[in-house]
Structure formats: structure tokens, C-alpha cells
Amino acid sequence: MARLALDDVTKEYRDGEMSVVAVEDVSLDVADGEFLVLVGPSGCGKSTTLRMIAGLETITDGEITLDDRSINDVPAQERDIAMVFQSYALYPHKTVRGNMSFGLEESTELSDSDIAETVEETAGMMGIEDLLNRKPGELSGGQQQRVALGRAIVRDPDLFLMDEPLSNLDAKLRAEMRTELQHLQEQLGVTSVYVTHDQTEAMTMGDQIAVLNEGTLQQTGTPLECYHQPNNLFVAGFIGEPSMNFFDGSLEENALVTESLAYSLSPDLRRDIEAGTDLVLGIRPEDVRIDEPRTDGQRFAAEVIVVEPMGNENVIHLRFDDAMAGDEFIVTTEGVPTVSAGDRVDVEFSEAVVHLFDGDSGVAIKNRTLSFSGTPDEVIP
Amino acid sequence: MATHDTTEATDSTTGPSKEVVTWKTKLRYFLNSDFVRSSPYWGIPFVLMGIAVYGGIGYNLAISFTDYAGIGRPEFSNLSLEMYRTALADGSFRQAAFQNFVLLVGFTSVSLALGLFLAVLLDYGIRYKETIQTIYLLPMALSFVVTAQVWLWMYSPGNGVLNVFVTALGFGSIDWLGNPRIALAAVIFALVWQFSGYAMVVFLAGLQSLPSDQFEAAKVDGASTAKTYIRIIIPQLKQASVGAAVVLMLFALKAFDFLYAITGDYRPPNGTDILATLMVREAFQYGQWAYGAAIATMLLLLSLSVIAPYLVYQYRQGAL
Amino acid sequence: MGSIQLDHLTKRFGETVAVEDVTLDIADSEFLVLVGPSGCGKSTTLRMLAGLETPTAGDLYIAGEHMNYRVPQNRDIAMVFQDYALYPHMTIHENVRFGLEEEAGYTDSEMDERVEEVAETLGIDDLLDRKPGELSGGQQQRVALGRAIVRDPEVFLMDEPLANLDAKLRAKMRTELQRLQADLDVTTVYVTHNQTEAMTMGDRIAVLNDGQLQQVGEPLELYHEPANQFVAGFIGEPMMNFLHGNRADAGFVGEHIEYPFDERLERAVDGVDDLVLGVRPEAVDVRRADESSAPNLGPHEFEMTVSVTETHGDQNILSLTHAAESVDHDVLRAVTDGMHIVKPGEPVTVAIDPETIHVFDGKTGKTICNRRIETARELTI
Amino acid sequence: MSQSTPDTNIDVASVVEDVNLRRIGHYTLIIFFLGFFLLPLVTGIMTALKTNEAIARTVPFMPPLGGGFTLANLEYAFSQLSHAFINSLLMAIPATIINVLLASMAAFGLTMVKWRGQLVILILFLIGIFVPYQAVLVPLARFWNNTFPLADMLSPLFAGIPLLQSYHADLVPLIITHVAYGIPICMILFRSYYQSLPNSLVEAAKIDGASITKIYRRIILPISKPMFGVVFIYQFTQIYNEFLFSFTLVSSASSPEAPVTLIIPAIGTSTSGIDFGIRMSAAFLAALPTIILYVAFAEQFAKGLETESG
């Protein structure tokens, strides 16, 4: 049980004259029992951040505290954390039992029989009790994954760290393990930090998401907060699959004018924006409505380029008449596709669902209005 | 791809074939196949090597069954195991075999242990690693003959380096190579000096092929550096140890060059005679060709008894 | 032209049967996707087409000619490998040109011209002087395509060509590949284990499992009318829900729920006892339980509890357990609209329309009846 | 280490001290072993540069001071060895080149296709590495001396070639012998490299229409350039340093065709014992080519050894 905090943590790699800042002034607060997902493209500094928390990298500047105690100078061996590695890092010469007992033997004073009991109990929980006497090389990818998790859980640590633990599994197994990991974390209630580059994992698993790019923190929030109320263009584009559609343009009179369309903005919206400001219009593929042709200020004629049926939904690639050949946008529709390649259709960008970003800084000016049903309390604080 | 597939395909054609496949088609396919086209590549070197190695071994074996002593041609009409019986009854043969065994075990185990120690020493984050490794490995670039000269001087009973140290400590000088009771140990020590660098390189490669997250996982598991090496890292070097041990043992069996070069004579220092020197002496100094051949055959069997388990091990590991 | 026939094709490696009695006709200029889990024999089938493996039995025809006994060099095919297999010591220009050198009827300058032409089509013309090691994954992938295209072969073979790309790039290359194939009009056999690629790219899909052909058909045909339980489970993400149980007087009695049959289902299951019901997650309707205070359930409605909610933004995937049973056994997964939030632990009412039910034979896995579809036309888009 | 905060000052200090102590111990061991490996070599070189008087009176590994320094021993050793150097190189260079080429071809041929029975061929190659040469010495001597005296046949021919002497013909059997017995180890070195190449490389070339010969010439040969370096250096060192074959096939250390290794054990011996000044000079000169090669290509050398144990 622990509360983890990072306070302006920076990591700089110096090599002679060269200096690379991998992580810059990152501050995070992970409440006791919370599941935090660090997400971002490769090279964004998420793994470095995790490794600093683990004690595998030193900290250039800032402070990491666990339950208000600074752990900057505590060696990894004494931090009482458990980590699941991307490659699992199982010890190939030891049996599953040996792998799971090793941490207990090295970091606790438990007797051999206590260790054996704890290991068996955890193995039972993970459904790997039949595998205890096998070596990692004899196990399938999914089983190795379970053993790696079991090895972490058995130590009952203050903190779980996971570095892309699902990335070596195939799609089906990954989806399965995703749900299982969530079940498990809820059951154990251990504070966890989970690193991934996969936005789906971030969205579906995290209590909180921290989005990193180029070493700096872009946004922290609940998954739906990051999805519906992104702080900036990066978060808007990174979270969500297929990606949000973006149209670059600038404010002219009462409309946002881009290469291929003039999107009229309501007076309310354009009141605080200077004319001529560079803007980016963003709209999620599922928020675009496709209709019979009938153009007005927020409806535009477009041509269907490709239809990708997925069964439950369809990904439709469209292009505005004036747009360049490669400049397409994407719309998703549900059920059976009603349009096919070559069709001419109208698309509607309702003002309620569009996002506006500053063209220079990428900062969000307006996010979509939300219309949740069900029990949305807490998903957006 | 594989040729045997071709034959199988024709044996077990089940469905109705829409087109009659003639033997000509199949012959053309066979002649076009990678198997036929690639066979000259390995075939020519294989024949050359095969004649030299296996032809040689066979001929050697044949001679060992005769009583050929260098006069005329070997007489193959009257073959017997006489030479082998003579050898096994001969005291100097038995002594050479025993000393060979001591050399084999002593040299291999000490070189492995020292090599492992050096590898761990270099593996654990130090500066100028490349340079240090190069120096540790330097003796490997020398020939047995040169090493022998250097150590002959080191062991020199007059003012060799070893005796300089020994006398400085207040002891009397020692005739390292002249004393039959320590000569073998001195030879082993010199060979260890030359070959422990080799074991180090093999272990180092093994250490570096281990993913670094094994170290990290152990660290997070709470293990100290020493514990990590002992419990996690070194047990995983089994494969490397087996490979290095085999190569070292074969060096020990072939240590003839070194022993010859120490004295510049067929007879090595007392107490260091091994099968290889005995064989060359019998055959080339005394012209006892058949007897030499018989000793060589037994040396070969000894080598095979080291290699065969190794090959089986490699095969089981899927490394062949 | 480039049509392909597989006639009772079988491949055995010693005792193991990799491909068993596969018969398949691929029309000229068709895009056929071979899909299945790893080890299902799809790559072996492709390698037999390429001449890299010899069939154990059966016959293989490309463009009407018998191919069993022809080395790959003489087959007039091009192949794109998963690892791209670019020659690391040659420039991109030399890589693309290598195959042309063996084709008759090109002068040196014609070859260079052809290489440049292809490079331009693929947008790699400014990379021609570089070596493969200097290119990004996406660029290497294009070069691999270029090398295949340049020879203008009868048939393209592709072995998981997108597997090494990240998710965003993969989605992009997917549509690009489709367009390219349509422009070039060359018969293409594409191997993947990814059902999304299969659904979105193939004119037709052939599903393989354990070396046996399960079903061949258009993407939506496989989605809505699977021939057996394997295809039903393999195609579609999230996966179809399966409920195991038996035939009873009232209908179906399973481990967790009882489901009364309507007339259509009643007729279909006639005489079969061991049953598996299938229902796609998007066909499961979830309402909050307290919307009607008295639980007044219809015959196809159930009380359940949400165990895990995965928020994707545009949709939510709910894992549901039976209200009366323990929490750790999920019965169903359901997809709800992104704006409809249901939290873990909430009681819900679940409705499953009998029209959407698939029924499979529990012993053989064969489909007994598929869901009802409005019109046949819907499948042929 | 990381920067310290006030309340953890003491901890940091003790941690630093601890680390330093360990580091000092660590480096002390490393330096001790540097001495262990270098001392005999330094001793040899120093002795080579000393007058006999200095050798008798000074500590062997100390550098020669003042009048103790001389190049006479080296000059003498060089005059004795100069012919032998040419012999050694005439033998080692062609043998290595043929050896490496044949081995690469064999390795390519054996990794190209998988077929039943291949394992037998492979094992026969592997055993070839480990066979003690004593087991073939008697046949070898008889073959080149009695059955097929190639050297005698070639020597009139060699007499006619400029820069070569008729006795150089005696090196031809040695070259062939080295090639034949060197193929197995070199073949295994190449094979391990070819096996690490992705299969798809060769398959792609096949589908591109390339014949086996073209695949070897255009794909495999250029890709294995680094491995050629490794194997060449490894094998050159082996052949140059080899003693037993020369000992068997060359009639004596005083023969004109004797390579360097054969002469060393006999050099500088007199009735009064061994003249170590001359002996060390000769040993140093003999080792020089391989030492230079080794220092220049240490990485390739180590790579060859690593792969050997396999």
C-alpha cells in the first residue's frame, strides 16, 4: 500500500559534450491503490520514467517519494517494488517455482516452507499451479506472461511497475490479459504504474492516464477526460483509434477556412479568437454524420474513397472535392455499410462535437460538448 | 526444397492428377533443385577434407595393425593387435597416459575457472574494457613455440623471473622444469597463462548475450550483485562452459608443440611426457611407425571420447 | 492470366500435417487473404505457391500451368516477406533492380528507368541511393513492395507484410496496399493472422485452422454467416460470445443462463442436444437495471452485473457476470456506445434479441443456424 | 550518483565510500592480471634488448640501462630468420586464402538446403576440427614422401619462376595439408554466420530469379565480408604459428624451406647452454607478425575464438 509521487523529475543523459534530456520536469501523483498508465510514442521517455521509479536509472533532478519518503537514493534492491518486464526477464535456468521464490528468498526472511506456501498460493491465483516445475523455455508466451506477473505478485510489494508487459502477446491474448490484469489489480489493490505505447491499453486499463511526448508530460486525467477533453493536438491525435481528423486553417470573418472547406463558427465560439488566427479543426471519426447531399455551413460534399468493413463497424475514407490526393479523412459508422467507394455523400460536422486547437501552440481552444448517459460521474472530474 | 520430398510426393499422390507428370519433368526438377545445384559448393571441400582426415585415420589404423618399422613397405598380410598390447604393457606409455590425464584435467579446470573470474571482472562495468580484454587475450596470438621459449626463460634455474621472486622471498632457487615432481605443474601454469584469455572471451560473449533485464529483474527482486552473479548469471553459462571446456581439452591433448619446443628435442622435460610426444618420438625418432600409429589411434580414441558427448549435447540443444 | 488453383493440396513435415487437403480457386486479379492463428498452415500454403516448399500431395496451378515441379526462379511470382528480406549490402536502387536482371528483354538503361518509375509510384524515389539499414520500417516496407512490383509478375505473394509496423502506420499501409493492388490488377495472395487486415483488405478471405480450410468467402459473409464456431470466434473484435449448454424443452439451458428459443431457432436446432449459442457483443443490449424499479424481465432479458468496463472513447466494452453468481466468471461481453457509461459493479438488464443468435453444434462446432439478416444485398457491399 | 538532499547526506556519503572501496578492489584485481599476462612478454622483450652481461646481472624484466642495451641479438636473430620469414609467409598466405574461400563455399552449400543426411556430413566436418593431428602424421609423412612426392615433382618448375627458389616447392605439400585440415574449423565459423542470416534473404533472391551461383556471388559473398575478415585473421594466425606439420614434412630445422616456428627451438643453443638474448630476440621477431595482426584486429580475433566454441 503506497502513494507514489514524482516531483519535477528530470533525466538527462550526458555523453561528453552531448546531452539528451529524456524526461523533463515530470510531476505525477499516484494515489494508494491507483492504476496509472504512462503512455506515449516510442522514445517519449515513459520507460525511462518507470526505470527511475524502479531505481534502475538515477535521477538527474527532482524527487521521487513513496509514502512521503524520498527514495532518490534508495537502491533498487531496497525499494520493495516488483516489476514486470517487456521480455518477462524470467530466469531461464530456474523452474517456475524457482523464479517465483527467488525474490522472496533474497528480499525477505521467510522460511523455506513459508516461501513454498506463498508461491503455491499465488500460482493458484494465477492459474499456473500446473506449471511450477517447468522451465520458462517450455512455456507458451501467455504462460510466461502469467509467470512474470506471478513473480511480481508473490512478493506483495508496495508498488507494481509494468513495462509494456502485453506487447509480446498476439491480439486475442492481449485483449484477454488486459481484462485479467484489471481484475487482478482491483483484487490486490496495489498501486501500479503501467507503461505502454498502445493507446487502447491506456484507455481501457488506467484509472488515470499520463500522456508523455518528447520527455514532457502532455496531460494527466481519466481515460475519457483525455479522449473527450484533450489539452492539446498531440493528446487529441494520440488517443483514439482511428485517430481524430484534423483540418488546418485560419479564422476568416465568421468561418474557419481550410484548403477544402469553410466551416462557419457560431458567434459564441469565435468571440475570443482574433481574425486571422491559425486554427486546427478536429473531429472524431465516429462524430461525423454521413447523409444525402445538402450542403450548408457545417455540411460538406465529399467522395467515398475506400470502405473498410469490420463487421460491427465500418471505417470509411472520404475526400473533399478540393483536397489533394493524399488528404483524406476518416469516418466510422456502425452496422452494415450503407455507402461504397465512389459514392458522393454529405458529411456533417456538428458544432457540438468539433474540437478547436490553436494552430501554433496546439493548445485546445474548444473541446466537444459532452452528452453522457448512464453513470458518468468521476469519469470526468 | 528437400529431395526426399520429391519422392514422397510421387509415392503418395492421392487425388486425381489433372496432368500426367512424366519422369522427365521430375528429373528436370531434380536437376534444377537447390540440392543438386548447391552440392558442388560443399562437395569439393568435403572430399578434400575427407581424404585428408578420414583417409589419414584409416591408413594410420591399418599401419597400427602391422609391425612396420620403416624398412620397405608396410606388410598388410599379417595384421594383429600386437602394437596395442605392447603399448599397454609399456611403463612409459602408461606414465605418459597418466600425465596426459593430469594435464587434461588440471589445465582445463584451472583455465575455465580463471577465465570465468576474468570475464566477470571485465563484465561488471569498467573503463577501457576493450583494451584490457585485448591484453588478457594477447598470449593467444602467440604460437606454442614462442610461449615455450618465453616460459623457458621465466622458469630458468639461473636468473629466471620466477626464481628472482623466490630468492627475493628468501627461498632457494628452484629448477622448475628440471624437477620431475613440479615440471608438469609448471607446464600447466604456462598453458593456463596462454589459454585462460580464450576461456574469458567465451564466457564474456556468453555474459553479454544474456539480456540486461535479467540483471535488472534480479535487482528489483532484491538480490545483491554477488548474489545475482552466483544465482542468476553464472548458471546460465553452461553452454559456454561446455564449448570452452571441449576446445581446451583438445588443446591439452595437442600440447606437443609446447613440450617439444621447451627442450628442442623429442624428449620433453622429465615428468611431462604425454601421448602426443611419445607417439612422435616412437614414430619419427625411432622409426617405430606401427607402434607410433597405435599410440596415435589411442590418442584419437581419447579425443573422440571427449568430442562424442559434446556433439550429442550440442545436438540435444539443437545447436547443430 | 494469373489465376491460381490449389487442388487437394497437402503438406506434411515428417509426422505433422501442416496443410491438409486444401482446395481453393483464386480468380485472376483477385485479392485473397489467407488468415488463421499461428501454426494454422497459412504460411506453408503461401510457401508452396512460391516454390519454397514442395507439396506432399495434390496439385498446384498458376495461370493454368502445373507448378508442383517448378523451382521458384521459374514461376513468375513476386513475394513480400514479413522481415522485408532486403539485401543489406545493396542500395535501394540495386535491391529493386536485382530481380529485373533475370528477366529477359531489358537493356541496362531500361532497367534503371523501370526502377525509377516504380520508385516514384511508391514515393521512394529520393531513397534510391541509400542502404536498407538507413531506412525506417515504413520505408523498408515500401522498398519491399517496390521490389515485388518492378518485375510485373503474374502473382503477388505477401507474408504478413505489415506485421512489423506500428499500429498507426499499419492502418495507413493497409489502405495504400489495397489501392496499389487495385491499380496494378495483379492476383494477390496475402497471409496474415490479423483478422482486421483480413476483413478490411480481402476481396475474399480463406480461414485456415490446424491446416484445414474452414471457410472461404467475402468479409461480411464470414462475419455474419460463419460456417462454424471457429470462424465465428476468429472473425470479429471483440470476439463473439459463446454460451455452452444443452437443449431443453423451453429452449437452451446453459451454465449461466437459460434462453428460450423462438420459432426460427426451434426449427433449426431440431434433434441436436449439445449446443453453443453465439452472439456478437454489439448485439447485446445493456440497460441500467434501475430504469424500471420492479424487475419485470422479458424471456430474453437477464439481470447481470458489470465486472469490468473498458472505455475506448468511441465505445465501451463491458464484461458481464450473472447477478447471482461470483464476480470472477464473466458470462458475456457487450459493446455500448461511447457516451453511455456503465461502471463496474453496477447491476444491469441485458437483452439479447433472438434474431441475432447464432447456434453451433457443441460436438462438431458446425453452424446450425446463423443470425437473421434483413436482405441478402447487405452482404455484397 | 544522484544529487543529495539535506536529510540523506550521511547515507549518500556511506554509499559513495562503499562503492569506491569496491571499485578500488575491482581495479586492483584488473591491474594484477594485466601484470600476470604482460610480465612474461615484457621479460622476453627486455631480455632481447640486453647484452649477455646485463642479462646475467640484472633482473630479467627490468629495461636495459646504459651499457646494457644492445641490438646485436636482434640483428643476429633476424639474419638467422629472414629466409624463414619468407617461407612462413609463402606458406601461410596462399593456404589461408584457399582455405577461407573453400570453407565459405562449403558453409554456403550446407546452409542453403536442408536435407536428410546433412547431419552426417556436418558431424564429419565437426570431428575434423577435433582430430589430434598425431592420428594422421604417419600417413601424412608417408604420403608426401613416398606415395606422392609432389615437392620433388615441382621443384624443377619452381626453379624457373623468378623470385622463387626450387626449395620453395617443398612448401606446396604443406600448403595443401594446411588447407585440407583447416577447412573444418573455418567452415564451422562461416556456417554459424550463415545460419544467423534470415532465411528470407536467400528465398527472396530465389523468387527474384537468381541461380544458386548468383545468390552466392551477389548476396552471400558481399554480406559475409566481415566474417571473411574474422576467419582470415584466425586462420592465418593458426597456420603461421603451426609447428607439427612443418616438423613432420620439412626434413630439419636447418633445411632452406623451414618456416619460422621450426627454427626457434634450435636457435641460440650452444654447448654452454641457451643464449637467452638470442632466443628471446628470435621469439619476439617470430611472434611479431601475429602480434601486429592481433593488435590491429583484436575484435575480429576475439570473434573468431568466440564462435569456435560454438
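Biologist: How many residues of strand 3 of chain C are buried?

Modeller: In this predicted model, strand 3 of chain C, residues 31-35, has 5 of its 5 residues buried, so the strand is largely enclosed by the rest of the structure.

Biologist: Which residues lie on each side of that strand?

Modeller: In a regular strand the side chains alternate between the two faces of the sheet. Here C:F31, C:V33 and C:V35 are on one side, while C:L32 and C:L34 are on the other. Both faces are covered, and every one of these residues is buried.

Biologist: Which strand is joined to strand 3 of chain C by 5 bridges?

Modeller: That is strand 8 of chain C, residues 187-192, and the two run parallel. Within strand 8, C:V191 is the bridge partner of C:L34. Strand 3 of chain C also pairs with strand 9, residues 204-209, again in the parallel sense, over 4 bridges. There, C:L32 has C:R204 as its bridge partner.

Biologist: Now a helix position. Is A:Q145 buried or exposed?

Modeller: A:Q145 belongs to helix 4 of chain A, residues 141-153. The residue has a relative accessible area of 0%, and buried means under 20%, so A:Q145 is buried. Leaving aside residues up to four places away in sequence, A:Q145 touches A:V84, A:Y88, A:P165, A:L166, A:L169 and A:M177. Of these, A:P165 is 20 residues away in sequence, with a C-alpha to C-alpha distance of 7.4 Å.

Biologist: What covers the buried residues of helix 14 of chain D?

Modeller: Helix 14 of chain D spans residues 298-308, and its buried residues include D:A298, D:F301 and D:L305. The cover includes helix 6, helix 9 and helix 12 of chain B, together with helix 7, helix 10 and helix 13 of chain D.

Biologist: What is the area buried between chain D and chain B?

Modeller: The size of an interface is often given as the accessible area lost when the parts come together. For chain D and chain B the value is about 8800 Å², with 77% from carbon and sulfur atoms. Chain D puts 91 residues into the contact and chain B 98.

Biologist: Which residues form a salt bridge across the interface of chain D and chain B?

Modeller: The rule finds 1 salt bridge there. B:D34 pairs with D:K206, and their closest N and O atoms are 2.6 Å apart. There are also 21 residue pairs in polar contact between the two chains. On the side of chain D that touches chain B, helix 1 of chain D, residues 9-48, gives the most, with 16 residues. By class, that side has 66 nonpolar, 15 polar and 10 charged residues.

Note on methods. Residues are numbered from 1 along each chain as its sequence is written. Chains are lettered from A and ligands numbered from 1 in the order in which they are written. This is a predicted model: local features need pLDDT of at least 70, side-chain atom pairs count only at pLDDT 80 or more; totals for chains, interfaces and linings use all residues. Side-chain values use heavy atoms; hydrogens and water are left out. Buried means under 20% relative accessible area, exposed over 50%, partly exposed in between (1.4 Å probe, protein chains only). Two strands pair if DSSP finds at least two bridges between them. Contact means heavy atoms within 4.5 Å. Buried area is the accessible area (1.4 Å probe) that two parts lose on being put together, summed over both. A salt bridge is a side-chain nitrogen of Lys or Arg within 4 Å of a carboxyl oxygen of Asp or Glu. A polar contact is a pair of N or O atoms within 3.5 Å; within protein, one must be able to donate a hydrogen and the other to accept it, and residues adjacent in sequence count only if both atoms are side-chain atoms. Ala, Val, Leu, Ile, Met, Phe, Trp, Tyr, Cys and Pro count as nonpolar, Asp, Glu, Lys and Arg as charged, and the others, Gly among them, as polar.
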